[in-house]
Amino acid sequence: MGRDVIIACDFASRQATMDFLSNFKEEKPFVKIGMELFYAEGPDIVREIKARGHKIFLDLKLHDIPNTVKKAMAVLSSLDVDICNLHAGGTIAMMEAALEGLTRPDGTRPLLIAVTQLTSTDQTRMEEDLWIREPIDKVVMHYAENAAKAGLDGVVCSPLEASKVHDVCGKNFLTVTPGIRFADGDVGDQVRVTTPAKAKEIGSDYIVVGRPITAAADPVAAYRRCVAEFVD
Ligand code: C5P
């Protein structure tokens, strides 16, 4: 898969999601389904969106003992999603088990990417709550390397980290990057933001865009603007 724009469908219900997606008549955007929508509507929401022709990044961030993650990934794989994720903090053994679970009998599988440190975790919280005393940038790169060692396809990271991740883990290791805002748009609660054009320049493989598209007066126009800046 080449560079693409993934819309974060952070809606609380099936109805709100379908109302939003029905704006798109000509294109079938890649969509991200997170915990809120998945827990509210269950796996049927994934099947329904897939049946409408969208690619799906199922953002459930698994983190448990390897055997449990392996079995859960097998279930997600049968939903025919395109990208799944987990926490790299679950260890290399957990990531390897996840890959095993995700691989279908015919050898195909969704892409699997890792969350390194959440952007809500800063240096202080990492040191005081988690007792991890290394600089956070080093921790993020170490977790990315662990994900690569386990055979994963990439990481979720800030676009600002994308080129470093590629340097450390290889240019084919995917960087999926939220924190995207238009140059003239609202930043909202995101702190370190980048435009789609800048994310392309730095080397992101996929940008994840939520409110700049979902809350736009014209979501299709906002989506097309992202595609024009990032993909074309
Ligand atoms: O609305 P907005 O563009 O900020 O949405 C970004 C999406 O990416 C949300 O679903 C958010 O949870 C997710 N995300 C993020 N930062 C991370 C990881 C995920 O914003 N580090």
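Predicted model: local features only at pLDDT ≥ 70, side-chain atom pairs only at ≥ 80, totals over all residues.

Q: Which residues of helix 5 are buried?

A: Helix 5 covers residues 92-102. Its buried residues are Met94, Met95, Ala97, Ala98, Leu99, Gly101 and Leu102.

Q: Why do residues three or four places apart in an α-helix point the same way?

A: An α-helix has 3.6 residues a turn, so residues at that spacing point the same way.

Q: Now strand 4. How many of its residues are buried?

A: Five of the five, so strand 4 is largely enclosed by the rest of the structure.

Q: Which way do the side chains go there?

A: Ile83, Asn85 and His87 point one way from strand 4. Cys84 and Leu86 point the other way. All of them are buried.

Q: What does strand 4 pair with, and in which sense, parallel or antiparallel?

A: Strand 4 pairs with strand 3 in the parallel sense, over three bridges. Strand 4 also runs parallel to strand 5, and five bridges join those two.

Q: Which bridge partners does Leu86 have?

A: Leu86 is the strand 4 partner of Leu62. In strand 5, the partner of Leu86 is Ala114.

Q: And strand 5, how many of its residues are buried?

A: Four of its five residues, which leaves strand 5 mostly covered.

Q: Which strand is joined to strand 7?

A: Strand 6, residues 154-156. The two run parallel, joined by three bridges. One of the bridge pairs is Gly154 with Leu174 of strand 7.

Q: Let's zoom out. How many helices and strands are there in the chain?

A: The protein chain has 11 helices and eight strands. Its radius of gyration is 17 Å, close to the 17 Å that the globule rule gives for 232 residues, so the chain is as compact as a globular protein of that length.

Q: What does the C-alpha trace span?

A: About 45 × 40 × 30 Å along the principal axes.

Q: What share of the residues is buried?

A: Buried residues make up 48% of the 232.

Q: And the surface?

A: The accessible surface comes to about 11,100 Å². Carbon and sulfur atoms account for 51% of that.

Q: What about charges?

A: There are 27 positive and 34 negative charges in the protein chain. Their mean positions are 3 Å apart.

Q: How do the contacts split by sequence separation?

A: Take contacts between residues at least 6 apart in sequence. Of those, 67% join residues at least 24 apart.

Q: Where is Asp80?

A: Asp80 sits in the loop between helix 4 and strand 4. Its relative accessibility is 39%, so Asp80 counts as partly exposed.

Q: And Trp131, buried or exposed?

A: Exposed, because its relative accessible area is 65% and the cut-off is over 50%. Trp131 lies in the loop between helix 6 (123-128) and helix 7.

Q: What does Glu161 contact?

A: Val140, Met141 and Arg192, leaving aside its neighbours within four places in sequence. Glu161 and Ser204 are 43 residues apart in sequence, with their C-alpha atoms 8.9 Å apart.

Q: Last one: Ile213. Where is Ile213 found?

A: In helix 10, residues 211-214. Ile213 has 0% relative accessibility, so it counts as buried.

Q: Which residues is Ile213 in contact with?

A: Beyond its neighbours within four places in sequence, Ile213 is in contact with Val5, Ile7, Phe20, Pro219, Ala222, Tyr223 and Cys226.

Q: And how far is Ile213 from Arg224?

A: Their C-alpha atoms are separated by 9.4 Å. Along the chain, Ile213 and Arg224 are 11 residues apart.

Terms used:
Residues numbered from 1 in each chain as written. Heavy atoms only, no water. Rg over C-alpha atoms; globule rule 2.2 N^0.38 Å. Buried < 20%, exposed > 50% of the residue type's maximum accessible area, 1.4 Å probe, protein only. Contact = heavy atoms within 4.5 Å. Areas by Shrake-Rupley, 256 points an atom, 1.4 Å probe, with all protein chains shown as cover. Lys, Arg positive; Asp, Glu negative; His and termini not counted. Charge placed at Lys NZ, Arg CZ, Asp CG, Glu CD. Pairing = 2+ DSSP bridges.
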